[in-house]
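Subject: Handing over the structure

Dear colleague,

Please keep it open while you read.

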Amino acid sequence: MTTPTREPRRIALWLAAQGYAVHPLAPGLKVPVRGCDRCSPGTADHPNLAYVEHDGHACPCHADGRPCHGVLAATTDAERITEWWASTPAAGVGVAAGPSGLVILDVDTHGGEAPSDPERLLPGVELPDDIAPGSVRDGRDVLALLVEARRATLPGCAPETLTVRTPSGGVHYWFRAPAGTRWRPQAGVLGWQLDVRAGSAYAVAPGTVTRAGVYTALGGCRTVAELPVWLARDLDRTGHRVRPERPRVALPWRPRSMGSGYVAAAVEAELRAVAEAQTGTRNDALNRAAFNLGTLCGAGRLNRDQVADVLADAAGHAGLPEREATAAIRSGLVAGERHPRALAGAAA
Ligand SMILES: [Zn+2]
Ligand SMILES: [Zn+2]
């Protein structure tokens, strides 16, 4: 790819062609263009009285092609992009990190006094004792310390990944999120003056001109590398990785009616194992549960029909097809009943 010119429309189309979702920024600024009247709250000094409070995710303006709600409007659609920049040719280009599959390391150069406590400089990273006082001036030095601690190399200015210098002297390293991973933005959590643009955050595209100056791609590299493993580990460690929470399943049954004491606990545990089983292990979990509870039915401690019912519920939670589940439950219960469990001393 050749370097795009500074014409914002061409920059936006160049990025969109690579799968990066873009949205227009207010000319000369690094904030998104103002949306329509209904979607723009205005400012404290100049509140917009036509504003109607609503959830931007579900806003009809997206379907209507209006660039309301900043990042939420971001698109790779060339036609829409062409329209947006035809109406505001001087709009800068924002790149929505999450929808673009990007994780952008934002190295700040705010100045100010570096924290003397290493835990505030780079939390959780073992640093050398002999850091000269005054040698850490901004995010670039903090990043250098991290890179050294990890015995890694970071794509410097080039050529390994797209690297953008901001008008204030900061540096943005653009990375692709590894397949199947999601990341969240945080400021200063990885380290002092080290921010991460991901998820709902955006970055200003190289070539965008603001009143403060130009966002400039450094070196010759215009492609985006995958997030290096060492950095992914540190971002994960510092809470930037979004891990799909497996919600604790709200159990649809009442173990109380399914025996008491040991028996109730066994029912609860088996049902939970089935309901929370992952694809690939669900069948085994269901077979095992049906067998185990079948041994209690065989011992006269549980009612087989009731057990079959709640197992079917749990299997449904795990997403097992009903017919498959019914067959597995029946055969598991029958097999278990042939091996009645002896519950010596267990309370009824
Ligand atoms: Zn709108
Ligand atoms: Zn709206």
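The radius of gyration used here is taken over C-alpha atoms, and the value for a globule follows a rule of 2.2 Å times the number of residues to the power 0.38. By that rule a compact globule of 348 residues would have a radius of gyration near 20 Å, whereas the protein chain has 28 Å. Please bear in mind throughout that this is a predicted model.

Overall picture

Taken along the principal axes, the box filled by the C-alpha atoms of the protein chain comes to roughly 80 × 60 × 45 Å. The secondary structure consists of 11 helices and 14 strands, and 37% of the 348 residues count as buried. Among the contacts in the protein chain with a separation of 6 or more, 70% are between residues 24 or more positions apart.

Domains

The protein chain is divided into three parts, namely domain 1 (1-93), domain 2 (101-244) and domain 3 (255-337). The C-alpha centres of domain 1 and domain 2 are 25 Å apart, and the contact between these two takes 15 residues from domain 1 and 12 residues from domain 2. On the side of domain 1 that touches domain 2, helix H1 (8-17) and strand E2 (92-96) each supply at least two residues, and H1 gives the most, with three residues. By type, the residues of that side of domain 1 divide into 10 nonpolar, three polar and two charged.

Strand E2 and its partners

Strand E2 deserves a separate look, and five of its five residues are buried. Gly92, Gly94 and Ala96 point one way from E2, while Val93 and Val95 point the other way. Strand E1 (residues 22-25) runs antiparallel to E2 and is joined to it by four bridges, with His23 standing opposite Gly94. E2 also pairs in the antiparallel sense with strand E9 (residues 202-204), over three bridges, and there the bridge partner of Ala96 is Tyr202.

Strand E5 and its partners

Strand E5 (residues 171-176) has five of its six residues buried, so it is largely enclosed by the rest of the structure. Strand E3 (residues 102-107) is joined to E5 by six bridges in an antiparallel arrangement, and Leu102 stands opposite Arg176 of E5. Strand E4 (residues 163-165) likewise pairs with E5 in the antiparallel sense, over three bridges, and Val164 stands opposite His172. The hairpin of E4 and E5 has five residues between the strands, and in this hairpin Gly169 takes a positive phi near 95°. With strand E13 (residues 225-226), by contrast, E5 runs parallel, joined by two bridges, and Phe175 stands opposite Ala225.

Helix H7

In helix H7 (residues 229-237) the buried residues are Leu231, Asp234 and Leu235. Seen down the axis of H7, these buried residues fall within an arc of 100°, so they line one face of the helix. They are covered by elements that include helix H6 (139-149), strand E6 (182-183), strand E7 (186-191), strand E8 (194-197) and strand E14 (241-242). Just after H7, Gly239 takes a positive phi of about 85°.

With best wishes

Methods
Residues numbered from 1 in each chain as written. Chains lettered and ligands numbered in written order. Predicted model: local features only at pLDDT ≥ 70, side-chain atom pairs only at ≥ 80, totals over all residues. Buried ≥ 20, exposed ≤ 12 C-beta atoms within 10 Å, placed from the backbone. Contact = placed C-beta atoms within 7 Å. Domains from an automatic or database assignment. Nonpolar A, V, L, I, M, F, W, Y, C, P; charged D, E, K, R; others polar. Arc of directions from axis to C-beta. Pairing = 2+ DSSP bridges.
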